[in-house]
Amino acid sequence: MGSESGKECILRGIPAAHGIAIGRVHLITYNEPEVLPRKLAPAEVPEELARFNAAVEQTKGAIERSRERALDIAGIAVGKIFDAHLLILGDTVFQDQVRGRIAREQFDAEYIIYDSFAQMIELISRSAGEVFRERAADLRDVRARLLRHLRGEGDLIPDHPTHEVVLVAEDLSPTQALNLDRKLVHGIATDIGGLTSHTAILARSLDIPTVVGIGDISARVHNGDAIILNGNSGKVIVHPQKATLAEYESKRERFRGFQRMLEDIRTQPAMTTDGREILLWGNIELPREAELVMSHGGTGVGLFRSEFLFLTRETTPTEDEQFGIYDKAAELMAPYPVVIRTFDLGGDKYHAGINIRDEKNPFLGYRALRVSLSRRDLFRSQLRAILRASARENVMVMFPFVSGLEELREAKVVLEEAKQELQHRKLAFDPDIRVGIMVEIPSAAVFADRLAEECDFLSIGTNDLIQYTVAADRANEQVAGYYRSFHPAVLRMIEMTVKAGEKRNVHVGLCGELGGTPAAVPLLVGLGMTELSMTSSMIPEIKKIIRSLSYEECKRMTRKAMKMGTSHEIQQYMQGELKKRFADLPIWF
């Protein structure tokens, strides 16, 4: 399949989902056509309003089905995309505006909808940054679905491939991405997008090799062009020559061999060559994800994000509903442990049943344990549910956003109250349930030795610890360059926490994204970490690294890295050490 026409062209983008795809281009150039106004007779207005109302209900049902499918295949991160779509569609102000314009201007619903969305999209598109691009994409997606239902087309997606291809587009809408057939779509390349874009998130969930943010690839290719896509490096080659094709066919086979090798070590312990075992656990949001942790070779759940129960519904979940969820996760994971974090609401996560006022700086405001301690009715209900699940004897409870002993002691008082209530109801639970805290605020890391005296384990949440240590909001693109995972101060915070745990004989784990970052693993092991919790799909790769290194090697690398002065120096050094030791592996470089 070498280049039949055109000169070999190499493009580069952001590697968003691992793997190598070789095939023919299927170009999606679909744009919502401009809708021209159709004048209504006054007598037609009531029927047009009814048609709009029916289309809203049909579209709502279609989005809800997409949301359920997204939750099923990818969890809450992807499901939240369609939660946003439901909020857009369900905006009563917007709906009333459309109805008012239909009645007042007497134009058809298609035109009024198209024009109303166009005004919002234009306003948002003036703002820079990926967050605003994604919001505009959400609006376009909802508009397209609503217009299709008005026309009686249902959820038919234009331009979807019917044969094996590499998909190329300016971008994919969430609906388009969710409905891709993995058997037909071998790879995805887009002009725009980043690691957190809708397309990237969905592609990783669907396990489709993907490169995003390439620039103008959709303008450079035609249907049927030969193409190679490397989701490991971000390289895309159009019109590959025969020699290039042969090279990448070999790389693809090596990658597949690498995947088979990871499968072969799935059931093996994550043990260094000199016998130090590192527990590899998974982060989950849904009970069924516990099965994924085990299928990838994980031996526990280090972080069950319980707030999904609040974020996926408008009503507050009952104790029994929560118990059913927690108990299912404990059952699926048994005999391995499940650490349930009490709900972490606030910041960028809100629930209709909990009054969280607008705040100028919500990440430093009313969130997580602070919400729980002010809403003790909800907190006790959740703790009772967790305690009831602990009857299986593999459940632990963890409090988020602890800054000092005051919150920890107060939370433990509420836990004791919940225990007494269950005793009064004669319901079974583990009276010795292990209690831990998240170390994600610098004050908790600095004070870890004292906190460790009053809890059973510590779990370092690096995502928040980084942003609070370097004062850079991880969701703010303007300061993204300051959010440095390998910052020396962050590493000192981690080292301080590990030493505090060792001093008090308290287990210390890590459940942030850093634990699933290959270049960070030898560094974390060298710092003394004995448990890393991560996205379950990363467990096999991290296990391979650990099984290929000795603890002494990791300590030597760490001693050298900790003497360096900048995050860039540390990251480059660790990546270089990994490359020297794994030069034959096709995935990290």
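This is a predicted model: local features need pLDDT of at least 70, side-chain atom pairs count only at pLDDT 80 or more; totals for chains, interfaces and linings use all residues.
How many aromatic pairs does a search of the whole structure find? The search finds six.

## Overall make-up

The protein has 589 residues, of which 55% count as buried. Its secondary structure comprises 23 helices and 16 strands. Among the contacts with a separation of 6 or more, 69% are made by residues 24 or more positions apart.

Isoleucine 10 and isoleucine 228 are separated by 218 residues in sequence, and their C-alpha atoms are 9.5 Å apart in space. When neighbours within four places in sequence are set aside, isoleucine 10 is in contact with Lys235, Val236 and Ile237. The relative accessible area of isoleucine 10 is 45%, so the residue is partly exposed; the limits of that class are 20% and 50%.

## Aromatic rings and charges

One of the six aromatic pairs is formed by phenylalanine 107 and tyrosine 111, whose ring centres are 5.5 Å apart. Their planes meet at 75°, and the pair is therefore edge-to-face, since planes over 60 degrees apart are placed in that class. The two partners fall into separate classes of accessibility. Phenylalanine 107 counts as partly exposed because its relative accessibility is 22%, whereas tyrosine 111, with a relative accessible area of 18%, is buried. The cut-off for a buried residue is under 20%.

Phenylalanine 107 also takes part in an arrangement with a charge: the charged end of lysine 39 sits over its ring, 4.6 Å from the centre. Elsewhere, arginine 388 lies over the face of phenylalanine 323, at 4.3 Å from the ring centre.

Helix α19 runs over residues 488–504 and contains 17 residues.

The buried residues of α19 are Pro488, Val490, Leu491, Met493, Ile494, Thr497, Val498, Ala500 and Gly501. Threonine 497, which is placed in this helix, has a relative accessible area of 0% and is therefore buried. Beyond its neighbours within four places in sequence, threonine 497 is in contact with Val439, Ala445, Ala448, Leu458, Ile460 and Val508.

Just after α19 comes asparagine 505, with a positive phi of about 55°. Asparagine 505 lies in the loop between α19 and β15, the latter covering residues 507–510. Its relative accessibility is 74%, so asparagine 505 counts as exposed.

Helix α7 spans residues 198–206, and its buried residues are His198, Thr199, Ala200, Leu202, Ala203 and Leu206. Just after α7, aspartate 207 adopts a positive phi of about 60°.

The axes of helix α9 (residues 242–264) and helix α21 (residues 539–548) come within 9 Å and cross at roughly 80°. The angle therefore makes α9 roughly perpendicular to α21. Where the two helices meet, Phe258, Met261 and Leu262 are the residues of α9, while Pro540, Glu541 and Lys544 are those of α21.

## Backbone features in loops

| Residue | Phi |
|---|---|
| Aspartate 207 | about 60° |
| Alanine 368 | about 55° |
| Asparagine 505 | about 55° |

Is alanine 368 buried or exposed? Alanine 368 counts as buried, because its relative accessibility is 0%. The residue is placed in the loop between β11 and α13, and α13 covers residues 369–374.

Another backbone feature is a cis peptide bond, which runs from alanine 334 to proline 335 and has an omega near 10°. Proline 335 is found in the loop between α12 (319–333) and β11 (338–341).

Conventions. Residues are numbered from 1 along each chain as its sequence is written. Side-chain values use heavy atoms; hydrogens and water are left out. Helices (H or I, at least four residues) and strands (E, at least two) are DSSP runs, numbered from the N terminus. The expected span of a helix is 1.5 Å times one less than its number of residues. Buried means under 20% relative accessible area, exposed over 50%, partly exposed in between (1.4 Å probe, protein chains only). Rings of Phe, Tyr and Trp (its six-membered ring) pair if their centres lie within 6.5 Å; planes under 30 degrees apart count as stacked, over 60 as edge-to-face and the rest as tilted. A charge sits over a ring if NZ of Lys or CZ of Arg is within 6 Å of the ring centre and within 35 degrees of the ring normal. Axes are lines fitted to C-alpha atoms, for helices over the stretch in contact, and angles run from 0 to 180 degrees between N-to-C directions. Angles under 35 degrees count as roughly parallel, over 145 as roughly antiparallel, 65 to 115 as roughly perpendicular and the rest as oblique. Contact means heavy atoms within 4.5 Å.
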